[in-house]
Amino acid sequence: MNNEEKINRNVILIGVIASFIVSFITNGISVALPTIATNFHISNITQNWIITIYLLTISMASIPLGKICGKIGLKKSMTYGIIFFIVGSILAGLSLNVYFMMISMIIMGIGSSIQFINILALTTKQIPSNERGKALGYGVTGGYLGLTLAPTIAGILIQNISWRSVFFITIPFLLIVYHLLISIDKEYYMQKERPIDIKGSFLYLIGIVLLLYGFTILNELRGFFFVVGGIIFLLIFAKFELKISNPIYDMRLFNNHTYTASSIASWISYFATFVVTYVLNYHFQYLQGLTPQTTGIILIVRPLFVAIVSPYAGRLSDKYDPHILTAIGMFIVSTALIILCFLNQSTPLYMIIISIALQGIGFGLFTTPNNSMVLGSIDSEEIGTASASITTLRTIGQAFSVALLSLIFAIIMGNVAITPSNYPLLVESNQITMIISTILCVIAILLSLIGMKFKDNLN
């Protein structure tokens, strides 16, 4: 094996392991939330905010960091991301109250953001274009292996040790990533000489915080004003970015129809589907009285199928029109979510498992081809921005997804602890959330078909 082949291998391994760990935490927390809520004596909405603030941090940080990481070097910035994540994991595991926990999740969110950006950018920068789809597929597989194993491992840890161990277990894996990273004797820069757009960064940060926070309290009048304020700031941000020569986010990328349709479809897909894990987790642990361990075993099904399907989807996207694959994938997901629109205490377990499996197959067909289209539709100099875009759209979609559940909780249940007395309202909240998610999936299908109509040249 020559040096270039070794670097390619290490870059792919970094992508697989880092994706595994970040995804593991995201899904592991979902299983731990009911136990954390009991431990900290917090309400339904507050427990959702533990994961929401983590996702919000990633959403805020990814666009500015997309340029910063490329400027200081992908390898060096990846090291910083590992340090942030380890520190956040340690602090989260030592948390004594929900406020300390949320601060820890912010630190972890910064680390996750850096890793997400660099995983995609390193892979796209180092791996040849004819192997890119397969390499990205391995990264997606790593992420979904994390999601696959997280429910079971987290459930076992929570039930037999403590929810805190879910955070501590990530540290050895990150040390392996660090070892692989320092073995690479190359550094990767993108737009190194261009200055950082400080003003644009602040406009974006303010806009996204107002928009996401306002959405979670949209049942209140102030929520409406926060959302409007967030939209205004983001519009000012977009207008400002078009006028300057060194934008933190090049809005001209949206002149590319493939980039635009695929990016929006990605956001909507995560908006529609990420909440499903939380709905099912609450269904199993609260309504069915299952243990975290049993819940984790059942929740394996979806990410397991994604992990199996994604590499094949990556290979297919190198040979066939990826628009068709993404549309088929979201159609399958939509079919799966229709089943969950009727979810209640009497829904047979086998129907839920069928729905989970279909989600995994559909999302596996969607994700890798869609990422490949986004990265393949732009110039190599914009890889950092596009990588950050994928991360940001994914995490904004995930944050909106959990925020949607919190909003439905606020409207239907109120800000209360989840107890047997309000289980009927929990069922109603879950069903309404799934109906909205199904509608969003249909919109994602339409966007994939629109992207097929406007076929820009892919690299």
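My notes start with confidence and then go residue by residue.

**Ground rules.** This is a predicted model, in which local features need pLDDT of at least 70, side-chain atom pairs count only at pLDDT 80 or more, and totals for chains, interfaces and linings use all residues. Residues are numbered from 1 along each chain as its sequence is written, and side-chain values use heavy atoms, with hydrogens and water left out.

**Confidence.** I checked pLDDT, the predictor's confidence in each residue from 0 to 100. The protein chain averages 84, and 90% of the residues score at least 70. Helix H12 (residues 301-319) has the lowest mean among the elements, 78, while helix H6 (residues 165-168) has the highest, 94. Helices here are DSSP runs (H or I) of at least four residues, numbered from the N terminus.

**Leu 299.** I found this residue in helix H11 (residues 292-299). Leu 299 counts as buried because its relative accessibility is 5%, and buried means under 20% relative accessible area (1.4 Å probe, protein chains only). Leaving out residues up to four places away in sequence, I saw Leu 299 touch Val 31, Pro 151, Thr 277, Leu 280, Asn 281 and Phe 284; contact means heavy atoms within 4.5 Å. The C-alpha atoms of Leu 299 and Thr 148 are 7.6 Å apart, although 151 residues separate the two along the chain.

**Asn 422.** Next I looked at the loop between helix H15 (383-412) and helix H16 (423-453), where Asn 422 lies. Asn 422 is buried too, at 8% relative accessibility. Its side chain reaches the backbone oxygen of Ala 417 at 3.0 Å.

Technical notes:
Helix = DSSP H or I, 4+ residues; strand = E, 2+ residues; numbered from the N terminus. Buried < 20%, exposed > 50% of the residue type's maximum accessible area, 1.4 Å probe, protein only. Polar contact = N/O pair within 3.5 Å; in protein donor to acceptor, adjacent residues only side chain to side chain.
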